[in-house]
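Please look through both before going on to the points below.

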Amino acid sequence: MIDLRDIADEDIERLIHWRREPEVDRWMYGLPPADMAQHLSWWSAFRADPDRGGWIITRGGKPIGLITLQGLASPHRRAQLGWFIGDPDARGRGLGRAAQALGLDRAFREYDLVKIWSQVLADNDTALKAQAAAGFRREGYMRRHCFKAERFHDVVLLGILREEWAAVRAAVLKDLSGSHLIAA
Ligand SMILES: CC(C)(COP(=O)(O)OP(=O)(O)OC[C@H]1O[C@@H](n2cnc3c(N)ncnc32)[C@H](O)[C@@H]1OP(=O)(O)O)[C@@H](O)C(=O)NCCC(=O)NCCS
């Protein structure tokens, strides 16, 4: 079963390991931390920043990935969602999709947000399909917007409004619990 828990100091090492994992790094805008000192500097800023938050994704209690939210302190009441499954064995089984649904649900319940949005590299089919399955709609397309791995990439902008999640929430969660991916 997939669940979310709070991020804790014990996650410092696994987060640098996951972020440097090639299949995760491939789809991120920025470069991974070069060393632990750089990672710790990101960690301190992340933990102290009221604008940012998120959860560790767990499977049967074991940490497998991360969901981040950015924009929590913004007057616009929208947050940007980022997510990855850091454990390679856990990808491609529907677990990311399950974690994302739990993350959306918690984000809309725990924060006074009107919208959650994300930006995804245009060739990241897995993420785009998973986000569409949760009810994200395409809001924009930015050409040659990200320079990564020696080339420019197009980027898709996606968003889901509070009421759009409310409309699909029960069906999405029921489907995931029916597949035994999340608790009923
Ligand atoms: C994007 C990411 C979080 C998605 O997580 P995931 O677990 O790999 O993806 P899903 O949950 O959508 O599952 C992937 C596949 O498993 C399939 N699957 C297998 N068993 C399934 C089940 N029981 N229920 C639903 N889907 C299942 C899905 O159909 C999907 O296949 P498809 O893409 O051909 O339709 C993950 O691939 C990842 O971390 N990628 C690298 C980082 C990244 O891209 N982050 C997002 C951009 S910021």
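Strands β6 and β7 form a hairpin with 2 residues between them, and in the turn Ala149 has a positive phi of about 50°. This is a predicted model, in which local features need pLDDT of at least 70 and side-chain atom pairs count only at pLDDT 80 or more, while totals for chains, interfaces and linings use all residues. Residues are numbered from 1 along each chain, in the order in which its sequence is written. Helices (H or I, at least four residues) and strands (E, at least two) are DSSP runs that are numbered from the N terminus.

**Strands**
- Strand β6 (residues 137–148) pairs with β7 in the antiparallel sense over 8 bridges, where pairing requires that DSSP finds at least two bridges between two strands.
- Within this pairing, Arg138 stands opposite Leu158 in β7.
- Strand β7 (residues 151–161) also pairs with strand β5 (residues 115–121), again in the antiparallel sense, over 7 bridges, and Lys115 has Leu161 of β7 as its bridge partner.

**Helix α6**
- Helix α6 (residues 162–178) has 17 residues and reaches 24 Å from its first C-alpha to its last, close to the 24 Å expected at 1.5 Å a residue; the expected span is 1.5 Å times one less than the number of residues.
- At Val168, α6 bends by about 50°, the bend being the angle between axes fitted to the seven residues ending there and the seven starting there.
- Trp165, Val172 and Leu176 of α6 are buried, a term for residues with 20 or more other C-beta atoms within 10 Å of their own, whereas exposed means 12 or fewer and partly exposed in between, with C-beta atoms placed from the backbone.
- The buried residues of α6 pack against α4 and β7.
- His180, which follows α6, has a positive phi, near 60°.

**Surroundings of the ligand**
- The ligand is surrounded by 22 residues, of which the closest are Trp27, Gly94, Gly96, Arg97 and Ala130; a residue counts as near a molecule if its C-beta atom, placed from the backbone, lies within 6 Å of it.
- At least two residues of this shell come from each of α2 (22–25), β4 (78–85), α4 (95–110) and α5 (125–133).

**Helix α1**
- Ile12 is found in helix α1 (residues 12–19), and Ile12 is partly exposed because 15 other C-beta atoms lie within 10 Å.

Conventions:
Two residues are in contact if their C-beta atoms, placed from the backbone, lie within 7 Å.
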